[in-house]
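Student: I would like to learn how to read the boundary between two parts of a protein chain. Could you take me through one case?

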Amino acid sequence: MERYYQQDMECASRETMIAVQNEKLLKQVRHVWENVPYIRAKMEEKGVTPDDIKSIDDLHKLPMLSKADLRDAYPYGLLGCDLKKCVRIHSTSGTTGKRVVAFYTAEDIELWNQCCARALVAAGATDEDVCQVSYGYGLFTGGAGLDGGSHKVGCLTVPASSGNTDRQIMFIQDLNATILCCTPSYAAYLSERMKEMGLGPDDIPLKAGIFGAEAWSEEMRQDIQNTLGIKAFDIYGLTELSGPGVSFECSDQSGMHINEDHFYPEIIDPDTGEVLPEGCEGELVFTSLDKEAFPLLRYRTRDICVLSREKCSCGRTLIKMKKPKGRSDDMLIIRGVNVFPSQIETVLLNHGYAANYQILVGRVNNTDTLEVLVEMTPEMFTDNLGEISKRQKDLVDGMKSMLGIKAKVTLVAPKTITRSEGKAVRVIDNRKI
Ligand code: DLL
């Protein structure tokens with residue numbers, strides 16, 4: 001039987017949800033108008049006041065915000081309350097420009113923890129479970145978010161943080177961890193290390209994993225599920241909106257339910273900013289509905305995905321988002337063709353490789369070049385050049401049919417590509433350097 005953390009909201013009727021969203025939106029817009037001069041100025045520029053916003057249908061009148069606004073306003077410019085009321089900050093892992101710093105009041109953290117608790121319960125967690133949180137703790141939101149959710153559910157929480165892989169495996173075994181929370185690339189690394197230690201799925205008590213913070217393919221899910229002997233659930237979120245738990249997967253494993261009583265989603269055309277109808281692929285934009293310290297109106301996430309209100313077998317009525325394909329800024333444009341790293345990953349996994357790869361992009365004689373370094377698995381490792389060249393050709397053909405362009409493929413020996421303990425760095429774009 002399906003279990004919920006907050007059934008009244010997770011399974012609310014459409015009318016109830018719309019009423020909740022309308023009421024919260026009006027309050028949030030007024031809160032922003034009165035407390036965040038930066039956003040108020042943008043509203044004034046567009047000639048809109050809180051009186052113009054009577055329901056969600058008026059959302060399109062509001063200005064949008066982007067990462068550039070967050071950088072402009074760094075560090076305190078988007079604060080929605082007295083700093084004294086804030087109890088925590090988190091910050092993005094971005095490597096370029098100023099980091100984004102998000103603020104939280106105690107109430108903001110309470111609501112965030114509830115969102116993560118919904119995700120854990122949807123993955124089958126109860127107070128009988130031992131939940132190992134192997135996302136990084138610190139400025140990154142992954143550790144703190146899932147830790148807070150795990151406390152709410154009453155799991156025994158193991159705050160392992162990321163790294164020290166052998167110790168992670170020891171804790172899973174010795175403390176009987178049943179739920180693992182980490183990035184999918186780290187889950188893949190853990191399972192690889194387990195194999196090297198001679199351990200299989202039957203040697204560990206894990207039953208579910210909650211994996212997110214980066215794009216991962218359906219093929220990678222199958223791989224992780226088989227090698228760890230668990231059900232693998234996706235979880236999505238971003239620091240600007242709190243962290244993990246903006247949306248989460250249920251037993252149906254077919255996309256993530258958005259906690260739309262807290263975060264109102266829209267899909268826009270990333271080029272024109274036009275709002276697209278349900279079912280169209282575009283950039284995900286969120287309006288926070290009840291944040292105090294860091295409220296955001298129509299924030300452009302740059303994540304590309306599709307929303308769907310199709311009925312879900314789990315009974316939740318929360319709108320679903322498909323697995324994000326990646327960020328619009330992760331999308332590579334190679335010789336005029338759009339390429340997402342997740343498409344390359346799909347080809348590799350379909351050909352029996354693990355997700356250990358690196359994408360090298362360059363430019364020679366004004367033409368873009370695309371090379372994919374792919375690790376052979378220990379089982380397929382060989383020094384037979386004929387065999388290697390056949391394997392490379394198969395991958396080149398597979399990528400040509402998936403991407404529509406030719407990539408160079410170079411097979412490398414097992415364990416030559418650096419493993420990631422957090423978000424994996426898959427692309428090196430030498431055109432930008
Ligand atoms: O990655 C929050 C998080 C922690 C989510 C743990 C899930 C689990 P940021 O570091 O601010 O926050 O990065 C946010 O990561 O805009 C997406 O591009 C990407 N992302 C997050 N979750 C997913 C996912 C955290 N499940 C950015 N699938 C987002 C694809 C994801 N991309």
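**Reading a domain interface**

Tutor: Across the interface of domain 1 and domain 2, the rule finds two salt bridges, where a salt bridge is a side-chain nitrogen of Lys or Arg within 4 Å of a carboxyl oxygen of Asp or Glu. The side chains of Glu196 and Lys415 meet in a salt bridge, at 2.9 Å from N to O. This is a predicted model, in which local features need pLDDT of at least 70 and side-chain atom pairs count only at pLDDT 80 or more, while totals for chains, interfaces and linings use all residues. Residues are numbered from 1 along each chain as its sequence is written, and side-chain values use heavy atoms, with hydrogens and water left out.

Student: How many residues of each domain are in contact?

Tutor: Counting contact as heavy atoms within 4.5 Å, 22 residues of domain 1 touch 16 residues of domain 2.

Student: How much area do domain 1 and domain 2 bury between them?

Tutor: The size of an interface is often given as the accessible area lost when the parts come together. Here domain 1 and domain 2 bury about 1,600 Å², 52% of it on carbon and sulfur atoms; this buried area is the accessible area (1.4 Å probe) that the two parts lose on being put together, summed over both.
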